[in-house]
Amino acid sequence: MFSFFSTSHKDACARKQAERQASLDALPPVYSEPLSLTEQKIHALSLSQLVSECKAGELAPADILIPYAKKTVAAQAATNCVTDLMFEEALRIPAVANLPHNVDLDGFDSTRDRSLLGVPLSEAAEFDIGTDTIDIAGHDTTIGFSRNTNRPLTSSSAIVRLLQDAGALVHAKTTVPAGLLGLETTSEVYGKTSNPYDNTRTPGASTGGGAALLACGGTKVEIGTDLAGSVRIPAHFCGIWSLKGSVGRFPSWGNHSSMEGLEGLQLVCSPMAGSLEDLNEFWKRVVMARPWEYDHTCHPIPWKNVDLREDGRKLKWGIMLEGGEVPITPACQRALSLVATALRKQGHEVVEFIPPDLDRGLNITYQLLFSDGGEQIRSLLSPGESLNKASSSVLDLLALPKSFKQLLAYFTRKSDPGSSSLLRIMNTKSVTELRALTAQREAYRAEWHDSWTKKGLDFVITVPHPFPAFKHGESEKVNLMTAGFTAIFSLLDYTAGVLPVTFVDKDLDQLPADFKANSPAAVSAYAAYDVEGMHGLPLGVQIVGRKLEEERVLEGMKIVEDSLRQQGTVFSNRVQVGPKGDIE
């Protein structure tokens with residue numbers, strides 16, 4: 001019986017990969033050719049420029065799609081980042097197919113403004129269209145599980161419907177890890193996705209496929225989901241921009257998760273872009289499209305223009321250096337220092353911010369996240385199907401008898417207090433225990449609010465992750481608990497953006513001669529810090545505001561970027577992928 005079902009799993013994976021390859025093989029030869037000079041110019045246009053030229057009749061959506069489709073095909077060959085290609089479908093949506101040619105659309109009668117007309121977009125595979133987590137009618141939404149293959153959906157998610165009404169070209173779905181759990185984007189359904197800066201390394205997870213596609217220039221905007229850093233960590237690893245909003249600000253209804261119904265720590269749809277300008281424009285245009293008319297979970301909050309530099313005002317920034325047991329690597333620390341120095345040179349105040357008991361906050365986070373003991377994720381696995389090692393380790397821990405974990409916790413309390421703490425708390429929760437955790441979460445949020453207010457902070461700056469992108473297979477060393485720098489802001493429901501700053505430098509980012517890891521978790525993680533091999537990888541920072549401060553955080557990100565520019569630090573994408581997928 002097991003052998004039969006195991007074979008069924010393998011067959012489902014093989015069939016899905018064969019379908020994807022067949023769609024690639026069926027593409028016209030033009031998609032494997034280099035971009036023409038005209039196509040290069042189109043590809044270089046900003047989001048707002050694409051929309052303006054489409055509305056003016058100077059560009060047709062089909063003309064825009066071709067260079068992005070070529071880049072998508074090349075990105076897939078280089079990194080294995082795509083699950084579905086939808087080039088022809090993207091042009092068949094009513095907002096595009098019914099477009100009058102050579103007509104200025106400013107005067108064209110339409111029930112909705114085509115505010116994203118001609119903008120190429122991709123989504124992670126948890127959506128009903130988009131990434132393999134967002135629902136798109138006519139396509140599977142697998143979230144990396146073989147049981148979800150060959151189950152095309154009959155309707156699209158709220159964000160997809162909004163985007164298509166706005167004229168966006170949703171042309172690809174991107175890879176995610178099985179169950180959306182982990183720091184690497186791998187699944188037995190689609191295989192391993194690589195970082196376009198170095199194909200021996202991970203692009204992060206869970207929106208690793210989308211981050212890789214975006215860094216390769218295969219899309220203008222990628223929409224993924226962020227539960228504890230699933231958009232922010234890939235943005236950091238791949239050198240792109242992202243913004244996780246608070247729950248209810250960006251349409252999320254219709255996406256899929258391996259933890260459906262989780263309320264204690266909610267998953268939110270979050271976009272990534274290839275520039276801060278495009279990220280800001282996309283957020284603005286989505287909110288101005290009145291997403292609450294598509295998604296009942298969206299707050300009806302109109303877009304607000306924010307100017308934090310009015311009258312020469314200077315801001316107060318708190319640098320957060322603590323994020324759990326594993327300290328920040330020298331490379332990521334240098335990126336933070338560059339930002340702090342740049343802000344101070346522009347007259348802003350930068351202070352160290354020590355958050356309220358972070359270990360306690362993260363313990364609440366992990367208990368809420370795995371309050372079911374991992375049962376939902378286990379129930380989605382087919383016989384013979386497995387997760388990546390880091391995720392499997394968490395599920396194995398959760399499955400141990402509680403009495404055995406308590407005994408292990410007692411004997412490791414001095415030698416490994418971090419692991420001892422996890423052993424004590426990582427258990428299936430009763431309804432009463434879950435309510436108590438929710439009350440603890442609210443009390444912890446209140447402590448953060450008070451601490452932030454007393455410090456008089458405008459923003460907190462920290463790293464998205466303490467490491468640059470590490471090698472495939474090393475997530476077990478680095479472990480999921482290093483996601484504390486992102487997970488804590490999901491617990492707080494704060495707005496958090498990521499922007500790239502610089503690159504790893506093998507000479508500047510060496511470990512100090514006297515460095516000593518302060519815990520077994522840090523010893524394990526630092527075995528993956530290879531500054532020679534990491535040379536040239538992107539490094540980002542995380543800019544954090546409070547709840548529902550999306551416009552404010554985007555403005556804060558502009559101030560950081562402008563300050564860096566003033567001191568001569570300008571991030572530029574270094575990914576070069578040939579038409580055949582060769583990384584140059």
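Which residues point one way from S7, and which point the other way? Here are my notes, starting with that strand.

1. Some ground rules. This is a predicted model, where local features need pLDDT of at least 70, side-chain atom pairs count only at pLDDT 80 or more, and totals for chains, interfaces and linings use all residues. Residues are numbered from 1 along each chain as its sequence is written, and side-chain values use heavy atoms, with hydrogens and water left out.

2. Strand S7. Val-221, Ile-223 and Thr-225 point one way, Glu-222, Gly-224 and Asp-226 point the other way, and all are buried (buried means under 20% relative accessible area, exposed over 50%, partly exposed in between, with a 1.4 Å probe and protein chains only). Since six of the six residues of S7 (221–226) are buried, the strand is largely enclosed by the rest of the structure. Strands here are DSSP runs of E with at least two residues, helices are runs of H or I with at least four, and both are numbered from the N terminus.

3. S7 pairs with strand S9 (residues 268–273) in the antiparallel sense over six bridges (two strands pair if DSSP finds at least two bridges between them).

4. Helices H15 and H16. The buried residues of H16 (residues 417–425) include Leu-422, Leu-423 and Ile-425. Its buried residues pack against helices H12, H14 and H15. In H15 (residues 402–411) sits Leu-408, which is partly exposed, with a relative accessible area of 31%.

5. Arg-552. Where is Arg-552 placed? Look in helix H22, residues 550–566. Arg-552 counts as buried because its relative accessibility is 19%. Its side chain makes a polar contact with the side chain of Asp-458 at 2.9 Å (a pair of N or O atoms within 3.5 Å; within protein, one must be able to donate a hydrogen and the other to accept it, and residues adjacent in sequence count only if both atoms are side-chain atoms). Leaving aside neighbours within four places in sequence, Arg-552 is also in contact (heavy atoms within 4.5 Å) with residues including Val-306 and Leu-308.

6. Salt bridges. The count comes to 28, where a salt bridge is a side-chain nitrogen of Lys or Arg within 4 Å of a carboxyl oxygen of Asp or Glu. Arg-309 forms one with Glu-555, the closest N and O atoms being 3.6 Å apart. That pair links distant parts of the chain, 246 residues apart. Arg-309 also meets Asp-562 in a salt bridge at 2.7 Å, N to O. Arg-309 lies in the loop between H10 and S10 and Asp-562 in H22, so this pair ties together parts that are 253 residues apart in sequence. Glu-555 counts as buried at 7% relative accessibility, whereas Arg-309 is partly exposed at 35%.
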